[in-house]
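Q: I have a chain open and want to go through it piece by piece. Can you take my questions as they come?

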Amino acid sequence: MANLPQELINEMLLWLPVKSLLRFRCVCKSFCVIIESQSFINSHFKRSFENRIHRKLIDLGVHRTDNNGITIHALDFNEDFQQEVVLDKSFPSRPYPLFFSYCNGLVLLWIHKLSLWNPSTREYRILPALPVKRTGDLSFALGYDSTTDDFKAVIIISKSFCFSQVWIFELRSSCWRRIQDFPYVGYNSIKPGGNGDCFVDGALHFICRRSENNSIENNTSYMIVAFDVAKETFSVVHEAVQQTEGNPRRLNVVGGCLSVSVWNLTMKRQIDIYVRKKDGVAYTWTRLYFVTSPQFSNEAFRRFEDGRVAYSKEGDKVFLSSNGKLCSYDFKEKNFQEILTTNAIHLGLFSYTESLMSVGS
């Protein structure tokens, strides 16, 4: 190894999983310096993400026979989910719901308190309390600012017919600060605490509706709001889905693109999924898939509604849990497959790329 060029050593390390890299820090001082450098951490995540390697399906759940807390499992995409690994059992049990937001290898969790977690390194950090008393509904999300190479937790405290407060927690400075209010009077998030976890194209996205219009039957009452994490500005996604036969329920990322799932009101037991793709300089929405399999239980449909599903990197499969079973649905083959059975009440699923990102001190 001593005779190998430094560039070749770096290249070899970039292809290794996080578990191996954590061990290899003890090989020698030079390895430790390389692996713990921010440039290597960023390059490693980028390499893994772009090449679709070191990818996991993270499953959060409360086991029916375990009253001590939330158990978190991981299944490896690249090994066809052959082995289930317990990541953590240290999180305290809590009543429903559990909220989470994830971005570039880190996960923002709301379990009694707002916490930051890296599933790969097992680092866990409770964030400081907001410097203001909560007086309304709470929405939160985690984004990444590429201009400063820093993560930002975004909290929106909303009340009907009022401007909503917006607070930012920067990981590097480790403090909260208030920015401009949410600039759309009369709009509230559909599900407080669970709609802002869609980070794509440098922005966090939220489904919102007119609070003065309580009818969820009216599609025109909905809009998608984007928050540019670097500029810290809000804007309306003007080309949002139009003329859909149902209600926009959840945002997600499919194949690297923003998507919205719609509970179809004209077709029994059907969820339509619309994906936004860039066509030249403009964006268009494409209806790629619809799900009609009778094997989806009512519980499984509720998973779509509240976002407890995960998509494959290619966007050709969706993973969901129902009645203690972890299943997948292949949009191309139109088939439903059980992956494994667990004795758990599933709280959330998400696709995850391994990362060495630190949660800070």
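Q: Fine. What share of the contacts between residues at least 6 apart in sequence join residues at least 24 apart?
A: In the protein chain, 50% of those contacts do. Keep in mind that this is a predicted model.

Q: How many helices and strands are there in the chain?
A: The secondary structure comes to five helices and 25 strands.

Q: And how much of the chain is buried?
A: Buried residues make up 52% of the 361 residues.

Q: Helix 4, then. What should its length be, and what is the distance between its ends?
A: Its 14 residues should span 20 Å at 1.5 Å a residue, and the end C-alpha atoms are 20 Å apart, which agrees.

Q: Which of its residues are buried?
A: Phe 40, Ile 41, His 44, Phe 45, Arg 47 and Ser 48 are the buried residues of helix 4. Their arc around the axis is only 160°, which puts them on the same side of the helix.

Q: What's on the other side?
A: Ser 39 and Glu 50 are there, and they are exposed.

Q: What happens to the backbone just after helix 4?
A: Arg 52 takes a positive phi of about 55° there.

Q: Where is Asp 149 placed, and how exposed is Asp 149?
A: Asp 149 is in the loop between strand 8 and strand 9 (150-158). Its relative accessible area is 21%, so Asp 149 counts as partly exposed, the cut-off for buried being under 20%.

Q: And Asp 201, buried or exposed?
A: Asp 201 counts as exposed, at 56% relative accessibility. Its place is in the loop between strand 13 and strand 14 (203-210).

Q: Which lining residues are closest to its centre?
A: Of the 42 residues that line the largest pocket, the closest to its centre are Phe 45, Phe 49, Asn 104, Phe 199 and Val 253. Phe 45 is also one of the buried residues of helix 4.

Q: Which elements give two or more residues to the lining?
A: Helix 4 does, and so do several strands, including strand 1 (55-63), strand 4 (99-103), strand 17 (246-254) and strand 25 (344-353).

Q: How does the lining divide by residue type, nonpolar, polar and charged?
A: The lining has 20 nonpolar, 12 polar and 10 charged residues.

Q: Last one: Asp 272. Where does Asp 272 lie, and is it buried or exposed?
A: Asp 272 lies in strand 19 (residues 271-279). With a relative accessible area of 1%, Asp 272 is buried.

Q: How far is Asp 272 from Arg 287?
A: The two are 15 residues apart in sequence and 7.2 Å apart in space, C-alpha to C-alpha.

Note on methods:
Residues numbered from 1 in each chain as written. Predicted model: local features only at pLDDT ≥ 70, side-chain atom pairs only at ≥ 80, totals over all residues. Heavy atoms only, no water. Helix = DSSP H or I, 4+ residues; strand = E, 2+ residues; numbered from the N terminus. Expected span 1.5 Å × (residues − 1). Buried < 20%, exposed > 50% of the residue type's maximum accessible area, 1.4 Å probe, protein only. Arc of directions from axis to C-beta. 1 Å grid on protein atoms, 1.4 Å probe; cavity = no way out; pocket = protein on both sides within 12 Å on 5 of 7 lines; lining within 4 Å. Nonpolar A, V, L, I, M, F, W, Y, C, P; charged D, E, K, R; others polar. Contact = heavy atoms within 4.5 Å.
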